[in-house]
Amino acid sequence: MKAKPLCGKILRRAACILLGAALLLPLSGCGGRELFERLLIHGIGVDKDGDGVLVTVRSSASEAQEELFTARGSTVLEALGSLTLTTGRKPFYAHNYLVVFGKACAADGLDRYLDFFVRYYSTRPSVELFLAEDRAQEVLSSEKEAGYLKMSELQQLSESGRETGESVGAALLDFVNAARRPGSDPVLPVVRTLEGGGVEIVSTAYFKGFTLQGEMPLKETRGLLVAQDELRTGEAVVRGDFGAATLTLSAVDGEIAYRPGGDGPPQFTVSIRAEADVSAVSDTQAVLNEAAYRAIEDALEAQLKEEIEAAFARTARRDGCDVFGLGNTVFREDPSRWRTLEANWRETLGQCGLDIQVACEIHRLEQEIFGPALG
Amino acid sequence: MAGTVTGDIRRDKAFFEQRFTNAMDFMLRDMDLGGVKAALLALDGLVSKQIITLSILNPLLAARPPKDPRARLSYIEEQVLGSMEQKRERSLDTLLTLLMSGFAILLVEGCGDALVFGVQGFETRGPEEPQNEVMQRGAKDGFTESYQNNIAMIRRRMKTTALKFEKAQVGSESHTPLALCYLEGVASPEIVAGVREKLRACDLETALGAGYLAGYLERRGLFSGVGQTERPDVVCGKIAEGRVAVLVEGTPSVLLVPFLFVENFQTMDDYLTRPFYAAFIRWLKYFAFFVSAFLPGLYVAIAAHHPELLPESLMLKIAGEEMRTPFPVFLETLLLYFLYEILREAGLRAPKSLGSTVSIVGGLVIGETAVEAGVVSAPSLMTVALTAVAGYAVSRLYEPLSLLRLVFLILGGIFGVWGVTIGLTLVLLDLSATGSFGVPLLSPVSPFRARLVWRDVAAREPWKQLSKRRARVQDMPGVEKKS
Amino acid sequence: METTKHTVSARQFFVMMFVSHAALSLFTGSRSLGGGNLLEGIFSCGLAQLVGGAVMWPILLLQRRCPGLPLPQAAEQALGKWGKLVSAAYLLYLAAANGAFLGLFQIFLQDTVNPEFSASVTIVLLLLTAAYGAWRGIECVARCAGVVFVLFLLGTGLVFCITAARFESENLRPVFYDGWGQTLYGAAAFLARTSVYADMAVLLPFAKGVRARHFWGWALGCWGFIAVLLLLLAGCLGPYADTQNFPVYALSAITEVRSMQRLDAVFIGVWIMALIVRMGSAMAAGRACFAGIFPKSRPGVGLCMAAALMLAAAFATAESRSARMFLLGAGAHLAGVFLCGAALPLAVFLPAGRQKSKGKGGAAHESQTPLR
């Protein structure tokens, strides 16, 4: 066997010593910060406070211990950073579920207040955003059952809102994209506190870019969701000769098709196809025959069409907000046309034609299983 | 060099008596064979006195050897004695070694050779199931300390003339005999020659166990390129794949070369159960290996540096526990790790009568009481316990795992998940650079060969497929073919 | 009984090159592509790979002319003393290019991830690990790359599959909306970042059975990976990607599976493994070049020199603005790619061709520039 050269041995030993020293160097800070030495934030509220901001923070030191802090600063980061002075703990944002903005912030333009959440390294792009009916501080300090409302419950609110099909969910990523995409404007769910404790979603705020423009009621929100093919499920109550029928919407498909419209403003066709089941009928003695089913279908179609039209009339025609993303559709499908429309799109939007075609099908389970009803 | 037998019985006897002065086990029986002086030498405890008496002494005492000294030994050898193993030997050094190996030596006046008889009768243990390699379905016999018995166990299972046992010896003081076992025509001649060469170059004074020789057969590295087993069925399976086994006198462990990294996860039971179950168990072991190596390091890394990876409820639980305990999670886990290693070693070395005491002290006192007292946290204790248990699923890798865990723990504590990743890459590089007799240790995973990986790494093919084409170790990807 | 020649198969070699090249995709983003339309980056990448084929052509020609002969020796045979300048040029380029990317990774750690431990010590540890691999030989790095390749694909595949659920066609922009400018700039940017051509030039003699189809397989694989990445960045992140310095990291940050959130730390871990492979192969190449300049030097010295130069370039990139502007500038990198990828191999190939036709040189020696 060849003997290894002495130089190689010396080099190896030198490398080991250097490596050991390199590892020893950071040992003074080894182990990192303990979990309880961090401020584990899972809810942030931002309110306009004069020229600065007031942030409200919800955190937990352990499973049973909920905490509430407020801080002021000229910017969101400065305010959050000052929490270290009051708590002695470094804020940890990675588990932050949601951010609630006060209405004043939205009126001022959310881009000022959002920049921290977009740019800072440890915030999550998937954090849910809400708009408070008044102040975010009220929402975050709301109590329920002799304790603070859990932020996980507030986050659940946006999920459950989607289950009813009457509220939108907006993560930071979605909000920023909707605001920055050509021919598109974002929306946010609006929450308010309840007298007995807790919060509820009351409407949907729509924006022009990052600035709040108005609010639409929950029914019109459903129209928006249906048109954008984002409705997963929900309940609808329709009335007619059959009484009042509660329907559970299942498969709802929405599609917006663009037609150039010649020299005039672009034309759009909103095609909706929905399936539903009859969950309840007010007149329990009524026999649901074919005529009744058709009447229910007509009533549902009319209701959905009305909701879409109302949402469009309010947001687009009245306020020039393109929450339906019609401009984005033109941008993607007809870029050369978009080049001519881009500069004045908000004015043109109100003049666009919107042809809404709704086709609903109610499942006639009794007939499918047992045969058509007699009479 | 002691020289050769002189034929002058007084001188020859004096040589042995002088060598074995103060050795109370040295036996010398003078005889008169029809006027011819002879002497029978043996070491008490190594020989069977009954066989000596019946096969050697009785026939000798009745013999009348011829007057001609040249014909004397031939007469005794061919017409008087009836033992199966007997031969002539002239060299005094060799005679000394044979004497100490349980042979009896007959010196006859006027004869320049001595007769040597294989009459070993030392106590040996019967074949028992190896405690370190317990199998559910495999054979229940294991190797013993006698390499002759071990050779017989292999011979019984492989009835082929291609099965070779080459004799060798190591240890300048111990003269430990060993045997190279391989299948001619299956094993690579280069590998066999390489093993021979390395054993010849072994400069040990004493070789008291197979582990002494392992270091001469492999390159330095974290993972060994030499396997060890106490099971004859495993040896037979391995030599059928072209490997060379080294049987060492005095130890029930047999060395196997070349030994690949994936073999650490293979057991005999894998080949005796249904293929789908064998594949499942194989993957379970891979998972257990990773859990055992990485869990403490990842736990510390995530808790200290990357808590965003934890689900919130778990994070709050750990935070609550950390608040109660005095030590940072890194030190706590390190402490528990060393405590566990001490307990494990104590359990191994403690007398059987104290075994239950060690369990009670370890489990109840240290485990439960320490957590209740708030000295250590339950998540840290659970992590170390899980690590320990997972390590036993891959018992062959226990030694490198013990070191790896510690290294990853330190790296994770200092540099977080990335420190663990860098450590993992370093281990991968070390594995990639190491070979065993020209076969890359990571073969057939890297260099990759899909057929071989599917055959017996990622899954275990049914025997109908396995038996169709033999996969010899020298055919693994990455082995340089000499033209 | 060890192998006497340390070579890797063509497949292993190009897998190593794939991992080396993919390691830099962490830095892909609209800022590096010269525009906001990430979909156009797919065309840019494709164009860059096609041009790369032209860059690679002199290297393959040289290998065919002088099979198995490492570039430093081929240069010395063809150009005499001037051949050492070729080796020096490669050494400096490899150190500068890879050091710059390492420095960029350090900047990424400090600014985007902001760990509590020292990012520069992490870089040192990374480089030392890579040096260990280079020390043990190109086979070691290539085999390790095989395993890292699988882990890398699994890790990125997991992120891709999970984030694909967030894909929205509304985020996509029509391609070539603003003309061809971004596509061409992006192609130049991709080409500038392909310093692996220099690795290939030096290390290709140590690969067995290399054919043009292996190179095109590598080119296609890299393009496919980048294309999927860009598609997901465009569709999942959309305009949000423009707000991020490292949008690939932001993509990993939205990876959530039920209660397992923020898998980006694991993602970065896999990326670190790929970077180690990259630095390892670059250092192996650097060592071979150093041996070409100082043939009598010990292998360890060349490795230490390559590592030291890389580390110096990394720290310069991370700490000095002017060094950063130069070392990360597309212009300097592009010049390096054309010089070390095409011009220098061509400069060696032409005289080597003339010598061969006169009956001298061109064959591999027994004692080649050692890589172990």
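Chain B is divided by the domain assignment into domain 1 (9–118), domain 2 (147–271) and domain 3 (275–433); such bounds come from an automatic or database domain assignment. The structure is a predicted model, in which local features need pLDDT of at least 70 and side-chain atom pairs count only at pLDDT 80 or more, while totals for chains, interfaces and linings use all residues. Residues are numbered from 1 along each chain as its sequence is written, and chains are lettered from A and ligands numbered from 1 in the order in which they are written.

Within chain B, the C-alpha centres of domain 2 and domain 3 are 34 Å apart. Seven residues of domain 2 of chain B are in contact (C-beta atoms, placed from the backbone, within 7 Å) with twelve residues of domain 3 of chain B. On the domain 2 side, four of these residues are nonpolar, two polar and one charged. Here Ala, Val, Leu, Ile, Met, Phe, Trp, Tyr, Cys and Pro count as nonpolar, Asp, Glu, Lys and Arg as charged, and the others, Gly among them, as polar.

Between chains B and A, 22 residues of chain B contact 19 residues of chain A. At least two residues each on the chain B side come from α9 (275–304), α10 (312–324), α11 (329–349) and α14 (398–433) of chain B; helices are DSSP runs (H or I, at least four residues), numbered from the N terminus. The most is given by α10(B), with ten residues. This side of chain B comprises 14 nonpolar, four polar and four charged residues.

Between chains C and B, 34 residues of chain C contact 31 residues of chain B. On the chain C side, two or more residues are given by α6 (119–136), α7 (138–164) and α12 (264–293) of chain C.

Key: Contact = placed C-beta atoms within 7 Å.
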